[in-house]
Amino acid sequence: MPQGRLVILNPADRRRKVGEAPIASPEDVKRAVDAAGGGFECWSSVPMRERGKALSKIADAFEAEGDALARSLVDEVGKPLKEARGEVAGSIGVLRYYSAIEFDGRTVAREEGENVTFYTHQPLGVAALILPWNYPLLVMSWKLAPALLAGNAAIVKPSEYTPLTNLLATKIVANHLPNGAVQIICGGDSVGEALSSHRKVAMVSLTGSAATGPKLLRQAAGRMARVTLELGGNDPAIVMPDADLSKRFESLFWSAFRNAGQVCIAVKRLYVHEKIYDEVVRRFAGRADALRLGNGMDEATDMGPVNNGAQLRKVSRLVSMAQKDGGKTVRGGRRPGGALAHGLFYDPAIVTGLGNDASLVQEEQFGPALPIIPFGKADDAVEMANDCGLALGASVWSEDRKRALGIAERLDAGVAWVNAHMALDNAAPFGGFKGSGLGRELGMAGLMEYSAPKTYIIK
Ligand code: NAD
């Protein structure tokens, strides 16, 4: 495992260093797991209602530090300040949602005279929370809030590209918990591997790419550790001929390009009815032309850079391959020069002319590039949408809500929207089918991932 420090450069200007984080050694990983064992003993004996109150205090503290957290996200992820503020607000929202859950943990299944059967929900122990770089704070909060409410101790492992906001946030969290109940260790994939392979880690929750999920399953298999996997998506959106573009277009556009397309549930394939296909392509190209790319700290910026070099190369490669697959880049698809040349910027690519088997359609681009594909019949759109190994989200855009819902029911996806995409609800489960993962986050389903039922039968 490499020793030393992670050096975080600003993706909007790679000449600027944002900060550093220590890389955990194998000894650090062991120490963190041992300390978490002690933290678990203490925290799991605190009543759930008190644990909920602690979450509420953490939410208050995030609110008080909201500006610092948002600015840290801009500096290390590259997203615009308004989106970073939204991420902080979303994190506070999920903490408050779980803090308010009234759940005493005991359910009576049968009571007949002296014979009683009841069950409780036991925390699992030490939970490893392994994070991606696109929403470091939000994804951490999705995991940390239910893990802590259920009574687990947590060890956070941020992405090697974005550890700084997580360092700041876990410091805030730790102020409200007993020693060892929350910790953070930084580093790359090998640190994640050492943590998730540790025999005393009872549960691993990963948000990451579809390629990492199976590796993690293998690492956890030997000891049967509980695993939750929130993996990549390649979400389709189907635009029906009756979609009211004057009303819906702005929302449709940002469903593909928020956070420069680096969202697991961004629209990554757009299927548009042939009657309105030319108009939709024209609107996408025009809207992208009007975007202001820049440093997210500038309030006027609409879109920031891609977060890291590997991701930028992936997007560029898929757009280049699209040309070979017979596609046409209607606009964008190159790195801008001038003041933006020092950052990892990519002018959003709108690509037409591709078949459903093209790499840009089948692979998750996770960046500012969108293939737009025409269809004639809704059945054909559904078939193309479902012809993919990932199944996280999917949407249908139409003014006929009943018909749109009927189409949404046929789409392979853990979350289906009508006239929206990306919007989530803390009270409802989120997660994918097929290669997009195992288990769910958010809602009661998200809480259950961090506990296991224990049944008591008393005669
Ligand atoms: P990644 O899989 O490369 O890394 C994610 C995390 O896993 C990092 O912290 C990394 O160090 C760690 N890791 C890698 N190999 C590991 C191993 N063998 N054992 C343990 N940990 C390991 O993903 P990324 O590039 O950081 O994130 C982008 C991906 O995440 C995209 O595919 C995106 O769709 C997905 N994502 C999914 C969701 C969701 O909720 N479904 C949300 C955000 C991002």
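How do the residues of the lining of the largest cavity divide into nonpolar, polar and charged? This is a predicted model, in which local features need pLDDT of at least 70, side-chain atom pairs count only at pLDDT 80 or more, and totals for chains, interfaces and linings use all residues. Residues are numbered from 1 along each chain as its sequence is written, and side-chain values use heavy atoms, with hydrogens and water left out.

The lining comprises six nonpolar residues, three polar and one charged. Here Ala, Val, Leu, Ile, Met, Phe, Trp, Tyr, Cys and Pro count as nonpolar, Asp, Glu, Lys and Arg as charged, and the others, Gly among them, as polar. A cavity is a set of points on a 1 Å grid over the protein atoms alone where a 1.4 Å probe fits but cannot get out, and its lining residues have an atom within 4 Å of a point. One cavity of 30 Å³ or more is counted, and the largest holds about 30 Å³ of space, a volume being the space filled by probe spheres set on the points, which are joined across faces, edges and corners. Among its lining residues are Phe257, Lys268, Gln365 and Leu370. At least two lining residues come from each of α9 (245-257), β11 and β14; helices (H or I, at least four residues) and strands (E, at least two) are DSSP runs numbered from the N terminus.

The next topic is the nonpolar cores, each a set of buried Ala, Val, Leu, Ile, Met, Phe, Trp, Tyr and Cys residues joined through side-chain atoms within 4.5 Å. Buried means under 20% relative accessible area, exposed over 50%, and partly exposed in between (1.4 Å probe, protein chains only). The largest nonpolar core has 58 residues, of which Phe62 and Leu144 touch the most other members. Helix α5 gives the most to this core, ten residues. Because domain 1 (5-231 + 436-458) and domain 2 (235-418) both give residues to this core, it lies between them; the bounds come from an automatic or database domain assignment. Leaving aside neighbours within four places in sequence, Phe62 is in contact with residues including Leu69, Val88, Leu137 and Val173, contact meaning heavy atoms within 4.5 Å.

Val382 and Met384 are among the buried residues of helix α13 (residues 378-386). The buried residues of α13 are covered by elements including β10 (235-239), β11 (267-273) and α14 (401-409).

Conventions
On a 1 Å grid over the protein atoms alone, a cavity is a set of points where a 1.4 Å probe fits but cannot get out, and a pocket is an open set with protein on both sides within 12 Å along at least five of seven lines; lining residues have an atom within 4 Å of a point.
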